[in-house]
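The notes follow the order in which I went through them.

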Amino acid sequence: MGSHHAQEAPADEAAIKAHLEELTAAQLPNSAIYDFLLSGVQIRSASRGSMTARLRLTRHHMNSAGGIHGAASAAMVDWAGGMAVATWDLRRRTGVSVDIHVTYLSSAALGDEVEIAGAADRVGGSLAFTRVVISKVVDGVAGPVIANGSHTKFVKVR
């Protein structure tokens, strides 16, 4: 498969998925919030610019009314935006957040599985722009959208 860019050949999907799995395994023990909320996350697929993961919701993800907490969704957007940036060129450092916007559309309950799909729309020399969709898994496939997020990251290496 050819590339339209004069860069090195892109990594194959298995290599990108393995990179995200290794990066997640390295990140979680060093980030208390990610370790608390994402310890059960499983990378399902990855290619240049996009990734998909699944997570079973536990009591740690719930608000007082029994639905997925907005802060848990925001943390998922934060994490998946970074993972989408990492797919771009197999980088380990995915930058720092400039802004995160989350729109909450529906909910999910304790024990539900969610799919977290991240996409890097653009990764430039200074900024990366990502989109994340969190959906409730129904009958094994992504169903109703729980939240949509956008995440801008400062990625310039200093």
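I began with the contacts of Thr94 (contact meaning heavy atoms within 4.5 Å): leaving out residues up to four places away in sequence, Thr94 touches Leu23, Gly82, Val85, Ala86, Lys153 and Val155. The model is a predicted one, in which local features need pLDDT of at least 70 and side-chain atom pairs count only at pLDDT 80 or more, while totals for chains, interfaces and linings use all residues. Residues are numbered from 1 along each chain as its sequence is written, and side-chain values use heavy atoms, with hydrogens and water left out.

Thr94 sits in the loop between α3 and β3 (96-104), where helices (H or I, at least four residues) and strands (E, at least two) are DSSP runs numbered from the N terminus. I noted a relative accessible area of 8% for Thr94, which is therefore buried (under 20%; exposed is over 50% and partly exposed in between, with a 1.4 Å probe and protein chains only).

Which side chain of opposite charge is nearest to Lys153? I found Asp78, 4.7 Å away, and Lys153 is buried yet has no salt bridge (a side-chain nitrogen of Lys or Arg within 4 Å of a carboxyl oxygen of Asp or Glu; Lys and Arg count as positive and Asp and Glu as negative, with His and the chain ends not counted). Not counting residues up to four places away in sequence, the residues that Lys153 touches include Gly81, Gly82, Val85, Ser126 and Ala128.

I then turned to helix α1 (residues 13-27), whose 15 residues reach 21 Å from first C-alpha to last, close to the 21 Å expected at 1.5 Å a residue (1.5 Å times one less than the number of residues). Its buried residues are Ile16, His19, Leu20, Leu23 and Thr24. Seen down the axis of α1, these fall within an arc of 130°, so they line one face of the helix (the arc is that of the directions from the helix axis to the C-beta atoms). Ala14 and Ala25, on the other side of α1, are exposed. I listed β1 (42-47), β2 (50-56) and α3 (70-89) among what covers the buried residues of α1. At the N-terminal end, Asp12 caps α1, with a side-chain oxygen 3.3 Å from the backbone nitrogen of Ala14.

How values were computed: Polar contact = N/O pair within 3.5 Å; in protein donor to acceptor, adjacent residues only side chain to side chain.
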